[in-house]
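Biologist: Let us go through this model together. I will ask, and you show how each answer follows.

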Amino acid sequence: RLKHSFSSTSIQSTTDGYNLTIQYITQVHHTFLFSFLQIFHLDLSLLPFHCDLGYSAAALCIGVGSFSDPNDLPGLAHFLEHMVFMGSEKYPSENGFDAFLKKHGGSDNASTDCERTIFQFDVQRKRFKEALDRWAQFFICPLMIEDAIDREVEAVDSEYQLAKPSDSHRKEMLFGSLAKPNHPMSKFCWGNAQTLKTEPREKNINVYKRLREFWKRYYSAHYMTLAVQSKESLDTLEEWVREIFSQVPNNGKPKPDFSDQLSPFETPAFNKLYRMVPVRKVHALTITWALPPQEKHYRVKPLHYIAWLIGHEGTGSILSMLRRKCWALALFGGNSETGFDQNTTYSIFSISITLTDEGFQNFYEVAHLVFQYLKMLQTLGPQQSYSVLLLQTDPIEYVEDICENMQLFPKEDFLTGDQLMFEFKPEVISVALKLLTPEKANLLLLSPEHEGQCPLREKWFGTQYSVEDIQQHWRELWAGDFDLNPSLHLPAENKFIATDFTLKTSDCPDTEYPVRIMNNDRGCLWYKKDNKFKIPKAYVRFHLISPVIQKSPKNLVLFDLFVNILVHNLAEPAYEADVAQLEYKLVAGEHGLVIKVKGFNHKLPLLFNLIVDYLADFSAAPDVFSMFAEQLKKTYFNILIKPEKLGKDVRLLILEHSRWSTIQKYQAVLDGLSVEELMEFVSSFKSELYAEGLVQGNFTSTVSLLTFYIRLEVPVLFRVVELPQKHHLCKVKSLNKGDANSEVTVYYQSGPKNLREHTLMELLVMHMEEPCFDFLRTKETLGYHVYPTCRNTSGVLGFSVTVETQATKFNTELVETKIEEFLVSFGEKMNSLSDEAFKTQVTALVKLKGCEDTHLGEEVDRNWTEVVTQQFVFDRLSREIDALKLMTKAELVNWFMGHRGEGNRKLSVHVRLPEHPAVSKLTFLPASTLLASVTTITDIQAFTSTLNLYPYHKILK
C-alpha cells in the first residue's frame, strides 16, 4: 500500500468559493435518497451509494497543488502532504492515525497533483466518528514538529528515487520542460533531498518555517471539499461534520489562479521530433497536442469522443492497419485527466503507440497513418451514433471521486459530471478535432537504439534525449492536402451488443456456493446462479492445465508466445465485444491458460465460442511469430531490471522445486525459436489438457453445461523445499545499472500448515504492519516501501519483511540488521500485548473478512481462486472467521516467537546496485562483515539439490 503517495490521479480545475463543501453519502435501510441542505456555507448532499455497511469512508480535496510550489522550494506541496500526517496537537503521536486505522481494519492514502491535493481513509463504521476527528486534526492543527523534517524528507526522496526508473514519469518531466519559462508546468513537483534539504541549507532557507507558512496560506477551508460515506442518517452525519470540521481555519484569501497562463506549449520547441532513451527495452511513439483547457466542455466531453474512435481496434482502425503490417502492438489515445494532462492552463491529447522493431524503423509512416485517420474524422465530422457512455468507478474510489467532482462541477452534476456525456454538440467536437493537425503536434520517439545518440539530459530524472526538426519530406507532405487512406474507416455495426436483459429462472436449487455440474477425467465445471445482485450479467472462467508447460524454460517461452499470438489473433475480431461491454482476458498462468470472459449474458456465449474457435484453429504467421519473439526478449528484460521482480524470482527459485526463473526464460528466447517448434508445442499442449471451469451469474445450469463445457488430475502446485534450520542469504546484483533502488526481503518459513494457522499468520502480519512502517520508514527512514507479508508459497506458509531502499544511502546488510532490530522490538511488543489490543485486532480482521461483496465480480474472484488452485473451499472466509473467534493471545505470541527461536528457517534475499550488469545471468555476491555468521548461497541449484521437499500441500481445513 502506498502511504501518502505522490501521484497524478485527478482532474484539475478551479472551484467555486465555498467555505467548505461537504458531501454526505449514506445508505439507510437499503433505501436510497437524494436531497440538498444548506448550513453555514456548507453544501450538503445525501447521495445513493452501494457500499459495505460495516465500513465508512471520507475524502477531502484541497484546491491547491504543486503549481503553487514556491520557486525556491520545489516539491513543498508534496512534502506538506506527507508532514500533516505526522501527528496533531490533539493527537500528538507521530504515527497515531495509521496505528488507529490498522487496529480497526482501515487504510488511508493521499496524493498531490498540479492544482489539487487529496486525502482519504476508510475504517470500520463503529470507529468512523473517532477516525474522522483524528483525521480532521491534520487540517485544523497538525503538529509538523521540526525534528521530523529531515526524516520525512528522506521518505519523499525515496519516493522520487523509486519513480526515477519509470519511463512514464520521465516522459512527463521531459514534456513539462518544454513549457514556456516560468509556467508552473515546468516545475519539479516531486521534490527530493536536494530541493528540500541540501539546497535550502546552502541558501539559509528555513524549510520548517516555510512549510508552516504554506500550510497556513493554502490549507484553508474555503479551498476544501469533503465527501463522507457511512450508514448513519443524514442528520447524524451533519451533526458530526459540524462538530468536527467547524474548526478548520479559513483565511479568506483568494485561491491561486493559473487560468491566465494559457498556451504554455506555443513555443518553437514544441513542434519537433524528440528522441529519448527509455529505461525499459521498448520502442514507442507518442504524438501529443496541447489544446486550450477542455474542462468547461465536460457535458460534451469532446476528447473522450475522439479518443474512443482513435483507440478503436476493429477493422478500419489505426491499430488494425498497424497490426497487419506488424508495426505496432498497442495504441492508447486520449486525455488521462491527471493534472499533467488537464488543468486550468491547457488540456493534452496524446496518442501513444507501442512499436515493433519494424514499426520503429517506419515511425514516420506510423505517424502518417494517424494523421490520415484524424483527417478522415475531420472530413466526416462528428457522428452521434458513436457517442460514448462512461462507467462509474469502483465503489472504494467513490468518495475520492465525489470530493474531486465537487471542485469541478455544479451541484447537480457532482455524481455524474466525470462519467456521462450529457449532450452531443458536433460543433464543440469539431473545434477540438480541427486542432489535431500535424503542424501542431509534438513527436516523442522512445527506443534503446537511441543510446549514445542523445546528448541532452533532463534536469531531474536524468533522461537522455535529443531534439530535431521533423524531416522536410514529411513536414511538406503534412502541410499540404495529403490523401486519405481508403483502408481506414469508422467502426461497423456491432453484433455483440446485447438486447435481452431478462433475469433467468433457476433450473436447480439455489446454493450459497458453487456446485460441480460436470466432472470427468478431462476436467470439471462449477456453477452458481446469481440470485443476490440480480443483474443480467455473468462471469465465465476456465483454467486449461497442461503438464507440458513446466517441462523446460523453452516450453515456458513457447507457452508465452502461444498466448501472446492467440491474443493478437483475437484482437480484431473480439474488439467489438469489448465495445459492447463484454470483457475477455487470456492469461499465461504457471500451469495453464486462463480464459476469463464477463459481461451481459445474452451475447457472452458468442464471445466465448469465438475464443475457443481461435484456440482450436491456432496459427502463427512467420512475421507475427518473429514480432512476438522479439517482444518477449524485451518483456523478460523489462521484468529483470526491476529489483523487486528479481528478488521475487530469486526467492521462488530457491523455494519451489522445478521452478524455472525469468533469467532462464530470457536465455531460452535468446537462443532462438522457430514457428515449427511453437506449433509442435501447441499440439502437445492441446493433447494433454485438463480443464477447470466456473460459470456464475445470469445463466441456468443447463445452458452453462451445453455452452461452456470444453470437451477436451494435473497438479497446479510446485513442491517446496524445506529450508534448513539456520539463516541463509542469497545476495545478487540488480540488472539495471541506472537504478539506485535495492531490495531486502527477510523470509521465515513455517511449513505446510492448515487453515487455522494461515489465519493466525494473517493476524500476525496485521499486528505487524503499523509497527513495521513506524520503525523502518518513519524512524529509520530506510525507504518509501516497507511492509510485512503473509506468504503462501504453493501451500507452504511463511511471512516476510521487505524494505525497498536506495544503494546510495544504505547497504543491504545494514538494512537487514535494522529489520532484525524491528523484529526484536516487535517481539517485545507482542510479549506485552494487552488483551484489549489483541481483541481489537481480531475484531478488525473478522470485519474485513466479513465484508459484504459490493458486486458480483468480487464473489466470482473469490470462488475462482478456489477453482484455479483446485482447493474448492468456497466457504473459506466463514471458516477463517470461525477460527479467528477461537484464537487466543497466547497462540499468537507463541506463533511469532516460534519463528524467532534457534530452529527457525530463515532466508534473506538482497538485490543491490550493480556496477556492470549482465542480464542473461545471475551474479551472486558475498555478505559483508555485518552478516558474517550467515551462510551465503552462491549456487541455487547446488543449494536446493541437498534439501528435502515438502509433499504437495493445499490449505484445506
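**Buried sites, a helix face and salt bridges**

Modeller: Threonine 356, leaving aside its neighbours within four places in sequence, is in contact with His283, Cys326, Trp327, Ala328, Leu329 and Met627. Bear in mind that this is a predicted model.

Biologist: Is threonine 356 buried or exposed?
Modeller: Threonine 356 sits in the loop between strand S11 (347-355) and helix H11 (357-361). Its relative accessible area is 5%. Buried means under 20%. So threonine 356 is buried.

Biologist: Which backbone nitrogen does the side chain of threonine 356 reach?
Modeller: The loop holding threonine 356 lies between S11 and H11. The distance from the side chain is 3.0 Å, and the backbone nitrogen belongs to glycine 359.

Biologist: Cysteine 326 is among the contacts of threonine 356. What is the phi of cysteine 326 near?
Modeller: Cysteine 326 is in the loop between helix H10 (318-324) and strand S10 (328-334). At 5% relative accessibility, cysteine 326 counts as buried. Its phi is positive in a residue other than glycine, near 60°.

Biologist: And what is the phi of threonine 781 near?
Modeller: Threonine 781 belongs to the loop between H23 and strand S23 (785-793). Threonine 781 is buried, at a relative accessible area of 13%. Here too phi is positive in a residue other than glycine, near 50°.

Biologist: Which side chain of opposite charge is nearest to aspartate 418, and how far away is it?
Modeller: Aspartate 418 lies in the loop between helix H13 (398-408) and helix H14 (426-435). Aspartate 418 is buried yet has no salt bridge. The nearest side chain of opposite charge is lysine 301, at 6.8 Å.

Biologist: Why do the buried residues of H28 line one face of the helix?
Modeller: H28 (residues 889-900) has 12 residues and spans 17 Å, close to the 16 Å expected. Its buried residues are Leu892, Val893, Trp895, Phe896, His899 and Arg900. Seen down the axis of H28, they line one face because they fall within an arc of 155°.

Biologist: Which residues of H28 are exposed on the other side?
Modeller: The buried residues of H28 are covered by elements including strand S22 (741-752), helix H23 (755-779) and helix H24 (812-831). On the other side, the exposed residues are Asn894 and Gly898.

Biologist: How many residues apart in sequence are the parts that glutamate 154 and lysine 197 tie together?
Modeller: Glutamate 154 and lysine 197 form a salt bridge, with closest N and O atoms 2.7 Å apart. Glutamate 154 lies in helix H4 (residues 149-163) and lysine 197 in helix H6 (residues 193-202), so the parts tied together are separated by 43 residues.

How values were computed:
Residues numbered from 1 in each chain as written. Predicted model: local features only at pLDDT ≥ 70, side-chain atom pairs only at ≥ 80, totals over all residues. Heavy atoms only, no water. Helix = DSSP H or I, 4+ residues; strand = E, 2+ residues; numbered from the N terminus. Expected span 1.5 Å × (residues − 1). Buried < 20%, exposed > 50% of the residue type's maximum accessible area, 1.4 Å probe, protein only. Arc of directions from axis to C-beta. Contact = heavy atoms within 4.5 Å. Lys, Arg positive; Asp, Glu negative; His and termini not counted. Salt bridge = Lys/Arg side-chain N within 4 Å of Asp/Glu carboxyl O. Polar contact = N/O pair within 3.5 Å; in protein donor to acceptor, adjacent residues only side chain to side chain.
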